[in-house]
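Hi,

Here is the structure I promised to pass on.

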Amino acid sequence: WVYRIQPTETLEDISGMYLDWSYTGETKISGMDAMEYSYVSGEQEGDYIDDLDCTRVINWFDAKNKVTYSLAVMGGNLNGMDTNVFAEDLFNLTRNLKN
């Protein structure tokens, strides 16, 4: 897991992950505009997947405070993991610590 926070003027990819993404898409984190990225490599035979290398990244922008947040996770099979939930929980925890 890697969590980053950086002042920015717009939503930017501050993750530091440079991959040929298998998937990119728009989403929302706590009501804020976000982009998610996924990368998967590995061997698949039928329903069995072996030696997966997975990376997921979510970047979201707090327009009020002009800050971009990024959460990245790397590991084996991340299928079924809802990284948006982790991002929202982490953002809410970080926001509550500031108050």
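To start with a residue you can check quickly: is Glu9 buried or exposed? Glu9 is exposed, with a relative accessible area of 56% (buried means under 20%, exposed over 50%, and partly exposed in between, using a 1.4 Å probe and protein chains only).

Some ground rules before the rest. This is a predicted model, where local features need pLDDT of at least 70 and side-chain atom pairs count only at pLDDT 80 or more, while totals for chains, interfaces and linings use all residues. Residues are numbered from 1 along each chain as its sequence is written, and side-chain values use heavy atoms, with hydrogens and water left out.

Now the overall layout. The chain has five strands and one helix (DSSP runs numbered from the N terminus: H or I of at least four residues for helices, E of at least two for strands). Their order from the N terminus is β-β-β-β-β-α. Of the 99 residues, 35% count as buried. Looking at contacts (heavy atoms within 4.5 Å) between residues at least 6 apart in sequence, 49% join residues at least 24 apart.

Next, the salt bridges (a side-chain nitrogen of Lys or Arg within 4 Å of a carboxyl oxygen of Asp or Glu). The whole structure has two of them. In one, Glu9 pairs with Lys66, with 3.7 Å between the closest N and O atoms. This pair links distant parts of the chain, as Lys66 sits in the loop between β4 and β5 and Glu9 in the loop between β1 and β2, 57 residues apart. Lys66 is partly exposed at 38% relative accessibility. The other bridge joins Asp33 and Lys28, whose closest N and O atoms are 2.4 Å apart. Asp33 is partly exposed at 46%, and Lys28 is partly exposed at 45%.

Finally, the aromatic pairs (rings of Phe, Tyr and Trp, the last by its six-membered ring, with centres within 6.5 Å; planes under 30 degrees apart are stacked, over 60 edge-to-face, the rest tilted). There are four such pairs. One of them, Tyr3 with Trp60, is stacked, at 6.4 Å centre to centre and 25 degrees between the planes. Tyr3 lies in strand β1 and Trp60 in strand β4, so the pair ties together parts that are 57 residues apart in sequence. Tyr3 is partly exposed at 27%, whereas Trp60 is buried at 0%. Ring pairs also link Tyr3, Trp60 and Tyr69 into a cluster.
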